[in-house]
Amino acid sequence: MVTFVKSLIVVCYTFFEMVIKILSWNIWAGKNIDGVVKLLREVDADIIGLQEVLERNNRNSAADIAQKLGLNYFYCKSFTDDRHNEPTYQLGNAILTKFNIGKSFCHQLSSPELYKKTSETEPRTAVEVSLTI
């Protein structure tokens, strides 16, 4: 089953009689965290992939969301954004999960040196985690 809700993708897989619900969502730089937490609580996914996770002033939106939902998480910074008229901040990707996280890696998909302070050249990363289910 795949459900599309406001740029949210939810997929359910069945493994040996166990259903695992996986969600992927671009949270638009951590805007409306309370709304994000509310929807994630309703969906009750086992594994959540978040894009555009905001990190600023020693705060990380993935850490905040994981804490509010009682989940484990791993965050991977993609780049530091200093092109807007705002204080500098970092954006990245994260995995949040009910399961224990083992080995975890950040993979650079594009070179940070190619970043020209435009949305088209923002560095891309992928998050890899091993989970104990």
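Modeller: Before we start, one term: a residue counts as buried when its relative accessible area is under 20%, as exposed when it is over 50%, and as partly exposed in between. Also, this is a predicted model.

Colleague: Where is Asp46 in the chain?

Modeller: Asp46 sits in the loop between H1 and S4.

Colleague: And what is Asp46 in contact with?

Modeller: Leaving aside neighbours within four places in sequence, Asp46 is in contact with Val19, Ile20 and Lys21, and also with Leu96, Thr97, Lys98 and Phe99.

Colleague: Leu96 is on that list. What does Leu96 touch?

Modeller: Not counting residues up to four places away in sequence, Leu96 touches Asp46, Ile47, Ile48, Leu50, Ala62, Ile65, Ala66, Leu71, Asn72 and Tyr73.

Colleague: Now the core. How many residues are in the largest nonpolar core, and which touch the most other members?

Modeller: The largest nonpolar core has 20 residues. Trp25, Ile48, Leu50, Ile65 and Leu96 touch the most other members.

Colleague: Which helices and strands supply at least two residues of this core?

Modeller: Helices H1 (33-43) and H2 (61-69) do, along with strands S3 (18-26), S4 (47-56) and S7 (89-97). H1 gives the most to this core, with six residues.

Colleague: What about a second core?

Modeller: There is a second, separate core of six residues, and Ala29, Leu54, Phe79 and Tyr115 are among them.

Colleague: Back to H1. Which residues in H1 are buried?

Modeller: Ile33, Val36, Val37, Leu39, Leu40 and Val43 are buried in H1. As background, an α-helix has 3.6 residues a turn, so residues three or four places apart point the same way.

Colleague: At what angle do H1 and H2 pack?

Modeller: H1 and H2 pack at about 45 degrees, and their axes are 10 Å apart. Angles under 35 degrees count as roughly parallel and 65 to 115 as roughly perpendicular, so H1 and H2 are oblique to each other. Their crossing is right-handed.

Colleague: Which residues meet there?

Modeller: From H1, Ile33, Asp34, Val36, Val37, Leu40 and Arg41 meet Ser61, Ile65, Lys68 and Leu69 in H2.

Colleague: Zooming out. How many helices and strands are there in the chain?

Modeller: The chain has two helices and nine strands. Along the sequence, the pattern is β-β-β-α-β-β-α-β-β-β-β.

Colleague: And how much of the chain is buried?

Modeller: Of its 133 residues, 38% count as buried. The chain exposes about 8200 Å², with carbon and sulfur atoms supplying 54% of that area.

Colleague: What share of contacts join residues at least 24 apart in sequence?

Modeller: Among contacts between residues at least 6 apart in sequence, that share is 58%.

Colleague: Give me some pairs. How many residues apart along the chain are Lys77 and Pro123, and what separates their C-alpha atoms?

Modeller: Lys77 and Pro123 are 46 residues apart along the chain, and their C-alpha atoms are separated by 9.7 Å. Lys77 is in strand S6 (residues 72-81) and counts as partly exposed, at 41% relative accessibility. Not counting residues up to four places away in sequence, Lys77 touches Gln90, Leu91, Gly92, Gln108 and Thr125.

Colleague: And Ile22 with Gly49, what separates their C-alpha atoms?

Modeller: The separation is 7.9 Å, for Ile22 and Gly49 lying 27 residues apart along the chain. Ile22 is in strand S3, and at 26% relative accessibility Ile22 counts as partly exposed.

Colleague: Last topic, backbone angles. What is the phi of Asp44?

Modeller: Phi of Asp44 is near 55 degrees, a positive value in a residue other than glycine. Asp44 follows H1 and is partly exposed, with a relative accessible area of 43%.

Colleague: And what is the phi of Asn58?

Modeller: Phi of Asn58 is near 60 degrees, which is positive, and Asn58 is a residue other than glycine. Asn58 is found in the loop between S4 and strand S5 (59-60).

Colleague: Is Asn58 buried or exposed?

Modeller: Asn58 has a relative accessible area of 84%, and the cut-off for exposed is over 50%, so Asn58 is exposed.

Notes. Residues are numbered from 1 along each chain as its sequence is written. This is a predicted model: local features need pLDDT of at least 70, side-chain atom pairs count only at pLDDT 80 or more; totals for chains, interfaces and linings use all residues. Side-chain values use heavy atoms; hydrogens and water are left out. A nonpolar core is a set of buried Ala, Val, Leu, Ile, Met, Phe, Trp, Tyr and Cys residues joined through side-chain atoms within 4.5 Å. Buried means under 20% relative accessible area, exposed over 50%, partly exposed in between (1.4 Å probe, protein chains only). Helices (H or I, at least four residues) and strands (E, at least two) are DSSP runs, numbered from the N terminus. Contact means heavy atoms within 4.5 Å. Accessible areas come from the Shrake-Rupley method with a 1.4 Å probe; for residues, only the protein chains shown count as cover. Axes are lines fitted to C-alpha atoms, for helices over the stretch in contact, and angles run from 0 to 180 degrees between N-to-C directions. Angles under 35 degrees count as roughly parallel, over 145 as roughly antiparallel, 65 to 115 as roughly perpendicular and the rest as oblique. A crossing is left-handed if the near helix is turned anticlockwise from the far one by less than a right angle, and right-handed if clockwise.
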